[in-house]
Amino acid sequence: MLALGLFLFREQPLASPSMASVAEAAKHPVLRRFVLRKCIVQVGGRCLALVVPDARDWIRRGDWTAERLRGGEPPYWVQIWPAATAMARHLTRVASGLADPPRSAESGPAVAAEAPLRQPKVGLPLAGMQVLDLGCGLGVPGCVASLFGGQVTFADQSSDALAFASWNALQLSGQQHLQQQLDWARQVTRGRFDLMLLADVSYHAKHHAPLLEHVANGLAPGGVVLHSDPFRSASTKFLTELSARLPTTQGELVIREGSNATRVRVVVASASAVALQTWSRSLAS
C-alpha cells in the first residue's frame with residue numbers, strides 16, 4: 001500500500017438527508033466512481049463544506065497503480081493537504097478584509113462546523129480577477145477564490161481531480177469555472193492571471209523551472225503569486241529563486257486537525273508594491 005502520509009480532515013459518510021450535496025455528487029459521471037465523503041475544512045472562523053473521495057478507499061483499490069507504473073506520481077490529489085488549507089485560510093482573510101474593512105475573516109464568532117462558507121454580504125472582492133489554481137488537486141484554494149468572485153482556472157494532470165475541484169466550486173459559488181488538464185511540470189497553462197495559487201507544488205527540484213515559467217508567462221502585470229508549503233527544503237530553494245524575480249513577503253500559519261499541527265509557510269510575491277502590501281497584511285495578524 002502506498003504511504004501518502006495522509007492528513008485527513010473530518011469526513012462523514014453518506015448517511016443523512018443533511019448531506020444532499022453528496023447525493024448530488026453521486027450522480028456525476030466521474031465523481032460517482034469514488035466512495036464519497038463530505039469534508040468540513042476550517043478556514044479561520046468559517047468552514048468550507050466539500051465533497052471529496054474517500055482517500056483510504058481509493059488507495060486500497062489501487063486503480064491509480066497503472067499510471068504510477070508508467071512513471072506518474074502517486075495519487076496525492078485525493079487528499080486535502082495542510083498547505084492547501086493554509087492558503088484557503090489566507091485567501092479568506094484577505095478577501096474578507098477587502099469586502100468589509102477593517103473586519104477580518106476571523107474577527108467575529110466562529111460559525112458552526114456544519115455551516116458552509118457563504119459569499120460575503122458586502123460585494124465580491126475578487127470579482128473580475130482571473131485566478132489560476134495550479135496543480136489544484138481537490139482545489140480548496142480555488143474554491144475559496146470562486147466564492148469571493150474570482151474566475152478560476154483549475155489546472156491539473158488528473159482529470160478526476162479537475163472534476164472534483166470544478167464540481168465543488170460550482171456548488172459553492174454557483175459559477176462555472178475553467179479546467180485545463182495538463183502536466184504542468186512540462187506544459188504551460190494558457191492565459192494571463194491576476195492571482196496564481198501554488199499550494200505545495202514545489203516539493204521536487206524538477207518542478208522549480210516549470211513553476212517559474214508559469215509565473216513569467218502567465219502572471220498579469222501587477223498580479224500576485226501565493227505559495228504555501230510545510231517548510232520543505234526543496235520549496236525553500238524554489239522560493240529563493242522566486243524572490244530573485246519578484247519582491248516577496250512571508251508569514252506562517254498553523255493548521256490543526258485533532259492532535260496534528262502543521263506549520264505552513266505562506267509567501268506572497270508581486271511586482272506591485274500595493275498588491276504585495278494588500279495580500280501580505282493578514283500574515284502579520
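Is Phe231 buried, exposed or partly exposed? In this predicted model, Phe231 turns out to be partly exposed, because its relative accessible area is 29%.

**The whole protein**

First, some background. The protein has nine helices and ten strands. It has 285 residues, and 54% of them are buried. Now take the contacts in the protein with a separation of 6 or more: residues 24 or more positions apart account for 69% of them.

**Residues with a positive phi**

Back to Phe231. You'll find Phe231 in the loop between β8 (219-229) and α8 (233-243). Its phi is positive, about 55°, although Phe231 is not a glycine. Here is the background to that: most residues other than glycine have a negative phi. Asp200 sits in the loop between β7 (193-199) and α7 (208-218). With 10% relative accessibility, Asp200 counts as buried, because the cut-off for buried is under 20%. A glycine joins the list too: Gly149, which follows α5, has a positive phi near 100°.

**Arg265 and its surroundings**

Now hop over to strand β10 (residues 260-270), where Arg265 lies. Arg265 has 5% relative accessibility, so Arg265 counts as buried. What does the side chain of Arg265 reach at 3.2 Å? The answer is the backbone oxygen of Arg232. That side chain also makes a polar contact, at 3.0 Å, with the side chain of Thr236. If you leave aside the neighbours within four places in sequence, Arg265 is in contact with His227, Ser228, Asp229, Phe231, Arg232, Ser235, Thr236, Leu239, Gln250 and Gly251.

Next up is helix α5. Helix α5 is mostly covered, and eight of its eight residues are buried. Those buried residues are Val140, Pro141, Gly142, Cys143, Val144, Ala145, Ser146 and Leu147.

For α5 (residues 140-147) and α6 (residues 159-173), the angle is about 25° and the axes are 9 Å apart. That makes α5 roughly parallel to α6, because angles under 35 degrees count as roughly parallel. The way α5 passes α6 is a right-handed crossing.

Which residues do the meeting? From α5 come Cys143, Ser146 and Leu147, and from α6 come Ala165, Asn168, Ala169, Leu172 and Ser173. Sorted by class, this contact has five nonpolar, three polar and no charged residues.

Pro141 and Arg89 are 52 residues apart along the chain, yet their C-alpha atoms are separated by 8.3 Å. Arg89 lies in helix α4 (residues 82-99). Arg89 is buried, because its relative accessible area is 14%.

| Residue | Relative accessible area | Class |
|---|---|---|
| Arg265 | 5% | buried |
| Asp200 | 10% | buried |
| Arg89 | 14% | buried |
| Phe231 | 29% | partly exposed |

Definitions and conventions: Residues are numbered from 1 along each chain as its sequence is written. This is a predicted model: local features need pLDDT of at least 70, side-chain atom pairs count only at pLDDT 80 or more; totals for chains, interfaces and linings use all residues. Side-chain values use heavy atoms; hydrogens and water are left out. Axes are lines fitted to C-alpha atoms, for helices over the stretch in contact, and angles run from 0 to 180 degrees between N-to-C directions. Helices (H or I, at least four residues) and strands (E, at least two) are DSSP runs, numbered from the N terminus. Angles under 35 degrees count as roughly parallel, over 145 as roughly antiparallel, 65 to 115 as roughly perpendicular and the rest as oblique. A crossing is left-handed if the near helix is turned anticlockwise from the far one by less than a right angle, and right-handed if clockwise. Contact means heavy atoms within 4.5 Å. Ala, Val, Leu, Ile, Met, Phe, Trp, Tyr, Cys and Pro count as nonpolar, Asp, Glu, Lys and Arg as charged, and the others, Gly among them, as polar. Buried means under 20% relative accessible area, exposed over 50%, partly exposed in between (1.4 Å probe, protein chains only). A polar contact is a pair of N or O atoms within 3.5 Å; within protein, one must be able to donate a hydrogen and the other to accept it, and residues adjacent in sequence count only if both atoms are side-chain atoms.
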